[in-house]
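Morning, everyone. Let me put today's model on the screen, and then I'll walk you through the strands and the core.

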Amino acid sequence: MPVYELALILRQMPRPELMSVLKRTATAIFDKGGVIRKLENLGTRPLPFKTSVHGLVHRTGSYFIVKFDTPPAKVAELEEEYGRDVDIIRKRIYKADATLQEEVSCTLHEEMLPPAYRKDVQTMVAIANRNKKKGFKYNTGFDYYPFQK
């Protein structure tokens, strides 16, 4: 089964009600034959703009990310079910990237190496060097820079 990510924004509510909404969302995934891999709470934040859903205007929301496996045929049913839930302000289901699904194993010996010798740091430096932009060229034709510097 492919891995999906569910990005949820729930309306602002007390913690017990929030837990019941999360339980309801998780139960919907389980009922469709899915398995939850990870549930991440991103906290309560103000929304980027006021949003009107189910006849109510929302200015703040609780953000969650749920990683789960489910058959592809059941994704549309999940979206339709979450669309009817009055406690969910916004929901999006994305297919997770296959390269991110692999678990990276690490040993203590590798972790204790200086950063310059770690494989993950070397790959980050290689990516940064590849994406490095060239410096700005002053192609004005003047012998001096005409603008305030």
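Start with the sheet. This is a predicted model. Strand 1 and strand 3 pair antiparallel, over nine bridges. Look for alanine 7 there: isoleucine 65 in strand 3 stands opposite.

Now the other pairing of strand 3. Proline 46 has a bridge partner in strand 3, namely threonine 60. Strand 2 and strand 3 form a hairpin with two residues between the strands. Histidine 54 in that hairpin takes a positive phi, near 55 degrees.

On to the packing. In soluble globular proteins, nonpolar side chains tend to be buried together. Here, the largest nonpolar core has 18 residues. Which residues have the most contacts inside it? They are Leu6, Leu10, Phe68, Leu78, Tyr82 and Ile93.

Which elements give two or more residues to this core? Strand 1 (3-11), helix 1 (15-31), strand 3 (56-69), helix 2 (75-84) and strand 4 (88-95). Helix 1 gives the largest share, five residues.

Zoom in on leucine 10. Set aside its neighbours within four places in sequence. Leucine 10 then contacts Leu18, Val21 and Leu22, along with Gly61, Ser62 and Phe64. Asp87, Ile88 and Ile89 are in contact with leucine 10 as well.

One more thing to find. There is a second, separate core, of five residues. Among them are Ile9, Leu47, Val53 and Ile89.

That's the tour. Over to you.

Definitions and conventions. Residues are numbered from 1 along each chain as its sequence is written. This is a predicted model: local features need pLDDT of at least 70, side-chain atom pairs count only at pLDDT 80 or more; totals for chains, interfaces and linings use all residues. Side-chain values use heavy atoms; hydrogens and water are left out. A nonpolar core is a set of buried Ala, Val, Leu, Ile, Met, Phe, Trp, Tyr and Cys residues joined through side-chain atoms within 4.5 Å. Buried means under 20% relative accessible area, exposed over 50%, partly exposed in between (1.4 Å probe, protein chains only). Helices (H or I, at least four residues) and strands (E, at least two) are DSSP runs, numbered from the N terminus. Contact means heavy atoms within 4.5 Å. Two strands pair if DSSP finds at least two bridges between them.
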